[in-house]
Amino acid sequence: MTRYLDVASRFQKESASAPAFLRALRQEGLAHFERLGLPTTKDEAWKYTNVSPIAEGGFTPVAALRDSAVLAPVVDRLALVGGPRLVFVDGRFAPELSSVTGLPRGLTVKPLGAALTEDSALLEAHLGQRARASEQAFTALNAALLEDGALVHLSKGALSEVPVQLVFLTRGDAAVLASPRVLVLAEEGSEGTLVETYASASGGPVATFTNAVTEVTLGDNASLKHYRLQSEGDAALHVGGLHVKQGRDSRFVSHTFAFGGVLARNEVHVSFAGKGGDATLNGLYVGRGTQHQDVRTALDHAVADCSSRELYKGVLDDRARGTFHGLVKVRQDAQRTDARQQNRNLLLSEHAQADTRPQLEILADDVKCAHGAAVGRLDAQALFYLRSRGIPQAEAERLLTYAFARELVEAVPEGPVRASVESLLAQRLPGAARTEVTA
C-alpha cells in the first residue's frame, strides 16, 4: 500500500505540467486510494480473492518506452485483419506498432497523449465520469497514475463496420505496473466495435501487474460491441474494470474471455440512463494450475423498459479457482424491466473450485427477472458414450469441455475475433500442452 502511494505521489510531482483537470483527477484518485486502501478478503466484494500478490509485488510504471520494434512479430499475431489499431507496451503507447489510417468518417481513434492536446475539452467532460475513483481502490489507483491509453470517439450517426483494436502488451521481463485508461464515446445513432487485447510478449516467470479501466458512454440509439481478450502470461496479475452508461434505446454487447494470469479480475458495470436500453454480457473464464479467475458484474436498471441478458461460464482444472458475483439491481421506477442472469461452471479436477453468487435486488413490482447458477463435472454418461465408440479418454474430455464452452464462442460472429478466441481456448482445453498462453 505504502509503495503504491509513494509511486503515485512521485509520478504526480514529475508530471506537474499536465492540464489542470488531469492533475485534479490524479490528485482525487490518490486521495481516494489512500482512503480506501487495497482490498482484503474481509471486504465483501473481495471475499474470495486475495490481492496480496499485488500488494507485495513491488510493481512500478516504466519511465519510458523501450525499443518496441522487436515486438512487431508478436503484435502481428495478435492483430486483427484490417481496421485501426493502437498498441501499448508496458502501458506506453507504441506508435511504430500502431496504425490508424483509413478511418471511416465520424470515427476518431487516438492515444490519450494526443487527445489531451487536441481534444482536451472532450476529455475534461468525460474522463472519470463513468469509473468513479471514490468507489474502488484499483480504479482510484488507475486515476492517480493516469497518463496513457486511448480515445475512441464515434460522432453522431457514424457507422464503423471495421473493429477498432487496442493491444496492451507486457514484455514480461520486469515487475511493471501498467495503468491504461480507455475512453469510448458513442454519440447518438452511432455504431461501432471495439476489441481490447491483453497479452504478454514473453511467458517468463516475472510477474507484471495490469490495472486497466475502460469508460463507455452510449448516446441515444447508439450501439457498441465490445470484446475483451485477456491472455497474459501465467505469472501476470490483472485487474480490469469496464464501466458503461447507456442512453435511450441504446444497445451494448460485451464478450469477455479470460484465459491468462495467476490472478485476474474482470469487472463489468452497466448503468441504464434512458428507457429502452438493452445490454448483453457474455463471458468465459478458463483456469488451470493455481490460477484464480474472478468475475464481477453489476447492472443498474435505474429507468423503465430496459432489458439485460448475462451468461458467464467457467472451466476450471487442476487447483484453479473461479469466482463469479453478479448483481442486477432494479430500482423502484424501473418498471417493465426484463433481466436474465446465468452462471455455469465446469470442474475438471477434484481440486478445482468455483464460487458463484448471482444476485437480484428488485424494488419495482412489474418486472421479469430470473437468475441461476450451476457447478458440475463432465457428464459420466456422455464420457462413457464417447469412450465406447473408440475415442480416447483425453480426447473425449476435450470434446465435452469444448461443447460446454461452445455457446459463448459461437456468440461471437464469424471472423478474426472468433478465430482468435478459438485459438486461445484450444490451448486451454484438457490435453493441451502446458505452455504459457501469450496469444
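# Notes on helix packing, a pocket and the cavities

1. Arg398, Tyr402, Ala405 and Val409 of helix α9 touch Arg418, Val421, Glu422, Leu425 and Ala426 of helix α10, where contact means heavy atoms within 4.5 Å. That contact counts six nonpolar residues, no polar ones and three charged ones. Here Ala, Val, Leu, Ile, Met, Phe, Trp, Tyr, Cys and Pro are nonpolar, Asp, Glu, Lys and Arg charged, and the others, Gly included, polar. The model is predicted: local features need pLDDT of at least 70 and side-chain atom pairs 80 or more, while totals for chains, interfaces and linings use all residues. Numbering starts from 1 along each chain as its sequence is written, and side-chain values use heavy atoms, without hydrogens or water.

2. To place this pair in the chain, look for α9 at residues 393-409 and α10 at residues 416-426. Helices (H or I, at least four residues) and strands (E, at least two) are DSSP runs numbered from the N terminus. The axes of α9 and α10 come within 11 Å and cross at roughly 150°; axes are fitted to C-alpha atoms, for helices over the stretch in contact, and angles run from 0 to 180 degrees between N-to-C directions. Helices α9 and α10 are therefore roughly antiparallel to each other, a label for angles over 145 degrees.

3. From α1, the contact takes in Tyr4, Leu5, Ala8, Ser9, Phe11 and Gln12, and from α2, Arg26, Gln27, Leu30, Phe33 and Glu34. Sorted by class, the α1 and α2 residues in this contact are six nonpolar, three polar and two charged.

4. Helix α2 has another partner to look at, α7: their axes are 7 Å apart and the packing angle is about 145°. On the α2 side you will find Leu25, Arg26, Gly29, Leu30, His32, Phe33 and Leu36, facing Ala137, Ala140, Leu141, Ala143 and Ala144 of α7. This contact of α2 with α7 holds nine nonpolar residues, two polar and one charged.

5. A pocket is an open set of points on a 1 Å grid with protein on both sides within 12 Å along at least five of seven lines, and lining residues have an atom within 4 Å of a point. The largest pocket holds about 830 Å³ of space. Among its 34 lining residues, Glu135, His243, Glu267, His269 and Ala298 lie nearest the centre. By class, the pocket lining has 13 nonpolar, ten polar and eleven charged residues.

6. Finally, have a look inside: the whole structure contains eight cavities of 30 Å³ or more, a cavity being a set of grid points where a 1.4 Å probe fits but cannot get out. The largest cavity has about 100 Å³ of space. Its lining has 13 residues, with Glu44, Ala45, Tyr48, Thr323 and His325 nearest the centre. Two elements, β15 and β17, each give two or more residues to that lining, and β17 gives the most, with three. The lining of the largest cavity divides into four nonpolar, three polar and six charged residues.

Notes
Points joined across faces, edges and corners; volume = space filled by probe spheres on them. Parallel < 35°, antiparallel > 145°, perpendicular 65-115°, else oblique.
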